[in-house]
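User: Can you walk me through this protein model, one question at a time?

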Amino acid sequence: MIKSITDSAVLNNGVEIPWLGFGVFLSPPGGTTYDSVRTALDCGYRHIDTAMIYENEADVGKAIKDSGIPREEIFVTTKVWNDDIRSDNTLKAFDTSRKLLQLDVIDLYLVHWPVQGKYIKAYQALEKLYREGKVRAIGVSNFLVHHLEYLLPRIEVQPVINQVEWHPWLQHPELVSFCRTNRIQLEAWAPLIQGHGAEIPVLKKIGDKYGKSWAQVLIRWDMQREVVTIPKSNTPSRIKENSQVFDFELNAEDMAAINALDENKHVADDPEYFDF
Ligand code: NDP
């Protein structure tokens, strides 16, 4: 059972990533992101998920630095954006991210989207960074089974993670089993269904039994499904609420009720059809 905010999944290269992280997509650059990350660190989160395209890496970096928490205690993920993947600019983009984050070594660097015809080359750039010790782990995001099937025979360093939209409405059973077989850890983006969890009565009903909110139920469900999860909030009370998920465990019946909500329904872009 996952019992604390620093409990971690062990990735296929031995690196550990806390099961619970803090996401900053659509977290406005500047004071808002800075304050939210400081609040998250104060609440005990030790894993932050950003990306070049979020335009808030500098604020994440400053918040981490100012927190005074030893660098090695915080796991930081960032991602190479599609424009840089398209123009074979991954290595340069990495240097920019690293400078903005004020970090010598990034814990996890991801290919943000499987840009057709380009993602192998981008991933090979990540392999170079990995071999040079500039990243502790490399992986992918928004890769479906067919993207992984194409990628894996063409690379040398197995991705440690696939970060995808994952929540009760979109449980990707084939992807889950493919990733498990290939020792690729699944990581959930939009774990709170970008706020739509509030519309699912059974989550509230389950939460009431444990004295927890629907959001806490969703985060706990992720962890019990062995999925790394990175809920985002810019609201201090919610940042704290989302961290308080280690003092209860959903029983088998509740897990089954949530598992039964799968509709193969996206609330954001589908990697099969994205065009950005
Ligand atoms: P989430 O599912 O985390 O939902 C965030 C929304 O939920 C915000 O509107 C937030 O509001 C609200 N919220 C947060 N906590 C609560 C709560 N306790 N009660 C009620 N509402 C709440 O969506 P994201 O899309 O942000 O996904 C999480 C992270 O995943 C991102 O921040 C990013 O790091 C990553 N991501 C990665 C992608 C990829 O392509 N790899 C794509 C999208 C996201 P408020 O902030 O106002 O409190």
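Analyst: A quick heads-up before we start. This is a predicted model, where local features need pLDDT of at least 70, side-chain atom pairs count only at pLDDT 80 or more, and totals for chains, interfaces and linings use all residues. Residues are numbered from 1 along each chain as its sequence is written, and side-chain values use heavy atoms, with hydrogens and water left out.

User: What is the strand order of the open sheet of 8 strands?

Analyst: Strands of a sheet pair through backbone hydrogen bonds, either parallel or antiparallel. Strands here are DSSP runs (E, at least two residues), helices are runs of H or I with at least four, and both are numbered from the N terminus. Two strands pair if DSSP finds at least two bridges between them. In this sheet the pairing is parallel, and the order reads S3-S4-S5-S6-S7-S8-S9-S10.

User: Which are the edge strands?

Analyst: Look for strands that pair on one side only.

User: How many bridges join S6 to strand S7?

Analyst: Let's step across the sheet. Strand S4 (residues 47-49) joins S5 through 3 bridges, with Asp49 opposite Thr77. Strand S5 (residues 75-80) joins strand S6 (residues 106-111) through 4 bridges, and Val80 stands opposite Val111 there. Next comes S7 (residues 135-141), where Leu108 has Ala137 as its bridge partner, and the number of bridges from S6 to S7 is 5.

User: How many residues of S5 are buried?

Analyst: Buried means under 20% relative accessible area, exposed means over 50%, and partly exposed is in between (1.4 Å probe, protein chains only). On one side of S5, Phe75, Thr77 and Lys79 are buried, and so are Val76, Thr78 and Val80 on the other. Both faces of S5 are covered, and the count of buried residues is 6 of its 6.

User: What is the volume of the largest pocket?

Analyst: Rolling a probe the size of a water molecule over the atoms shows where empty space is left. On a 1 Å grid over the protein atoms alone, a pocket is an open set of points where a 1.4 Å probe fits, with protein on both sides within 12 Å along at least five of seven lines; lining residues have an atom within 4 Å of a point. Points are joined across faces, edges and corners, and a volume is the space filled by probe spheres set on the points. For the largest pocket, that comes to about 750 Å³.

User: Which element gives the largest share of the lining of the largest pocket?

Analyst: The lining has 37 residues, and Phe25, Ala190, Pro191, Gln194 and Lys232 lie nearest the centre. By class there are 19 nonpolar (Ala, Val, Leu, Ile, Met, Phe, Trp, Tyr, Cys and Pro), 6 charged (Asp, Glu, Lys and Arg) and 12 polar (the others, Gly among them). Strand S9 (185-189), helix H9 (214-224) and helix H10 (236-243) each supply at least two residues. The largest share, 3 residues, comes from H10.

User: Which helix gives the most to the lining of the second largest pocket?

Analyst: This pocket holds about 260 Å³ of space, and its lining includes His146, His172, Pro173 and Glu174. Helix H6 (145-151) and helix H7 (173-181) are the elements that give two or more residues. With 3 residues, the top contributor is H7.

User: What kind of aromatic pair do Tyr119 and Tyr150 form?

Analyst: Rings of Phe, Tyr and Trp (its six-membered ring) pair if their centres lie within 6.5 Å; planes under 30 degrees apart count as stacked, over 60 as edge-to-face and the rest as tilted. The whole structure has 12 aromatic pairs. Tyr119 and Tyr150 sit 6.3 Å apart centre to centre, with 80° between the planes, so the pair is edge-to-face.

User: Which residue lies over the face of Tyr150?

Analyst: A charge sits over a ring if NZ of Lys or CZ of Arg is within 6 Å of the ring centre and within 35 degrees of the ring normal. Lys265 lies over the face of Trp169 at 3.9 Å from the ring centre. Over Tyr150, at 3.7 Å from the ring centre, lies Arg154.
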